[in-house]
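Dear colleague,

I am passing the structure below on to you, together with some notes on what was found in it. Please keep it open beside you while you read.

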There are 2 protein chains.
Amino acid sequence: MVRLPTVVIIGAGNLAYHLALNIHQSQVKLLQVYNRSRRGLSKIKKNTGVETSSSLNKLNRGADIYIIAVSDDAIRETASAITHLISKDAIIAHTSGSVSIDVLNNLRAELCYGAFYPLQSFKKERDIDLRKVPIFLSSHQPKTLKQLSVVAREISDKVVIIPDEERSKLHIPAVYVNNFVNHMYTIASDYCTKENLQIDHLYPLMKETLERIFDNNKPQDMQTGPAIRGDKATIRNHKKLLKDHPDQLPLYHYLTKAITRYYDENN
Amino acid sequence: MVRLPTVVIIGAGNLAYHLALNIHQSQVKLLQVYNRSRRGLSKIKKNTGVETSSSLNKLNRGADIYIIAVSDDAIRETASAITHLISKDAIIAHTSGSVSIDVLNNLRAELCYGAFYPLQSFKKERDIDLRKVPIFLSSHQPKTLKQLSVVAREISDKVVIIPDEERSKLHIPAVYVNNFVNHMYTIASDYCTKENLQIDHLYPLMKETLERIFDNNKPQDMQTGPAIRGDKATIRNHKKLLKDHPDQLPLYHYLTKAITRYYDENN
């Protein structure tokens with residue numbers, strides 16, 4: 001039986017928290033969660049029982065893999081602080097979709113490094129089972145990729161090896177379907193609150209909008225509504241109603257035009 | 001036992017089709033589906049066995065309720081063509097979220113009229129069980145509302161009586177969570193196609209984005225990503241990558257700014 005790599009997680013934010021929970025529940029041994037401040041560590045300790053530390057002196061130096069789950073702009077600094085402490089063969093992997101793995105290059109001679117990127121949006125208050133979440137791995141070193149794969153497969157059924165430059169490309173449609181979609185939900189929710197309408201009246205519509213795509217329909221073929229119909233009377237009526245919501249009017253106008261233009265150009 | 005009202009559906013588009021299927025499967029007697037052209041009628045006949053007609057002479061004049069499921073701008077003309085044919089006590093209801101029921105006023109003395117609006121996006125190729133879809137009813141006449149309610153409750157568990165002017169307000173957040181969201185899926189899908197990425201890698205993220213809301217989280221509290229974080233490096237990187245997708249760059253820029261501004265103003 002192959003010995004599973006041991007892991008230390010660096011960071012205590014949303015992603016670090018969920019990685020800690022999921023790795024702790026797997027066969028992989030999570031040795032420690034380290035963060036430069038105490039913030040976030042107690043919740044991780046409470047929910048996993050794993051040792052935590054905010055003192056660099058106490059960093060566990062014996063792990064096979066150090067997963068750096070910190071904000072993009074802190075990756076290099078964090079990695080730089082630990083590289084001289086850990087063993088020569090240890091792997092450092094960051095969890096960013098956007099940042100090239102090259103940010104970890106040249107920190108030390110012959111460093112094993114890569115990316116370990118679960119494509120999901122994490123909030124501490126939401127339990128996430130990573131089993132169905134794709135984890136994208138990048139590294140220039142086959143041996144590093146292999147070790148990262150072993151850990152990734154223990155927590156996810158969808159492990160994908162992807163060239164470094166493709167991983168950051170994946171982050172763009174992720175922004176579209178999560179960040180931008182959630183903002184649509186936000187303005188819908190604000191509108192309903194102000195107009196005393198129940199947002200849950202919209203739930204079946206929201207569900208259908210998504211399930212169509214899961215049922216292998218192309219979203220292009222599923223577009224409905226006044227913009228694609230060129231229904232100017234309805235658009236005019238909506239804009240009139242949105243005079244009570246002046247903050248929403250520009251966005252309504254912009255996206256209506258974007259949809260109209262899209263189908264003008266693609267039909 | 002109260003006799004259930006009998007129904008004729010006018011129209012043969014997406015909504016007419018699904019209404020015909022759902023009413024046909026209920027206890028309500030669907031007498032006929034009429035459309036001014038043959039288009040769409042054969043599919044309805046095939047799937048329900050209900051009599052169809054495209055000849056106004058053959059319109060069934062004996063129904064209690066005529067549901068006009070035609071495009072917004074054809075409602076008045078369609079209603080006008082049938083009002084002098086149907087019985088004095090019959091009800092005419094249109095299915096539009098946006099159009100006032102007053103479009104049906106003054107067509108004839110003492111006409112019973114209202115709206116029968118299922119809040120959902122319909123495509124013929126997608127089966128829709130209306131049971132969970134809210135149906136909004138509007139009428140100035142209590143007797144009309146009562147009759148429409150009887151039919152609506154036979155096909156849906158969520159029947160809501162709503163003042164005429166509120167129904168059209170509901171259509172705006174429906175545009176946000178369906179039309180606009182589907183456009184986000186569309187550009188994500190286009191991006192993935194062009195970059196040879198698998199769209200289904202995004203499915204767990206799309207699912208989580210929606211389920212958070214169903215679990216009673218406010219979308220405002222669920223926003224993640226570079227825009228709300230003010231992560232300029234990632235946004236810059238995305239814009240660089242989007243130079244290969246010049247059609248998507250303006251929309252990325254616009255929505256990123258919209259999100260940034262939203263949280264600047266609301267925090």
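A crossing of two helices is called left-handed if the near helix is turned anticlockwise from the far one by less than a right angle, and right-handed if it is turned clockwise. With that in hand, and bearing in mind that this is a predicted model, you will find that α6(A) passes α5(B) in a right-handed crossing. The axes of α6(A) and of α5(B), residues 164-195, come within 9 Å and cross at roughly 20°; because angles under 35 degrees count as roughly parallel, α6(A) and α5(B) are described as roughly parallel to each other. On the chain A side of this pair are Leu205(A), Met206(A), Thr209(A) and Ile213(A), which meet Ala174(B), Val177(B), Asn178(B), Val181(B), Asn182(B) and Tyr185(B) of α5(B). By class, the residues of this contact divide into 7 nonpolar, 3 polar and no charged.

The contact between the chains as a whole takes 68 residues from chain A and 68 residues from chain B. On the side of chain A that touches chain B, the elements giving two or more residues are α5 (164-194), α6 (203-214), α7 (219-222), α9 (232-241) and α10 (249-266) of chain A, and α5(A) gives the most, with 23 residues. That side of chain A has 38 nonpolar, 19 polar and 11 charged residues.

Helix α9 of chain B, residues 232-241, is also worth a look in this context. Its buried residues are Thr234(B), Ile235(B), His238(B) and Leu241(B), and, seen down the axis of α9(B), the buried residues fall within an arc of 120°, so they line one face of the helix. The face turned away from that buried side carries the exposed residues Lys232(B), Ala233(B), Arg236(B) and Lys240(B). What covers the buried residues of α9(B) includes α5 of chain A, together with α8 (226-229) and α10 (249-265) of chain B.

Within chain B, helix α1 (residues 14-24) and helix α2 (residues 41-48) pack at an angle of about 20°, with their axes 10 Å apart, which makes α1(B) roughly parallel to α2(B). α1(B) passes α2(B) in a right-handed crossing. Tyr17(B), Ala20(B), Leu21(B) and His24(B) of α1(B) make this contact with Lys43(B), Ile44(B), Asn47(B) and Thr48(B) of α2(B), and the residues of the contact divide into 4 nonpolar, 3 polar and 1 charged.

With best wishes

Key:
Residues numbered from 1 in each chain as written. Chains lettered and ligands numbered in written order. Predicted model: local features only at pLDDT ≥ 70, side-chain atom pairs only at ≥ 80, totals over all residues. Contact = placed C-beta atoms within 7 Å. Helix = DSSP H or I, 4+ residues; strand = E, 2+ residues; numbered from the N terminus. Nonpolar A, V, L, I, M, F, W, Y, C, P; charged D, E, K, R; others polar. Axes fitted to C-alpha atoms, helices over the stretch in contact; angles between N-to-C directions. Parallel < 35°, antiparallel > 145°, perpendicular 65-115°, else oblique. Buried ≥ 20, exposed ≤ 12 C-beta atoms within 10 Å, placed from the backbone. Arc of directions from axis to C-beta.
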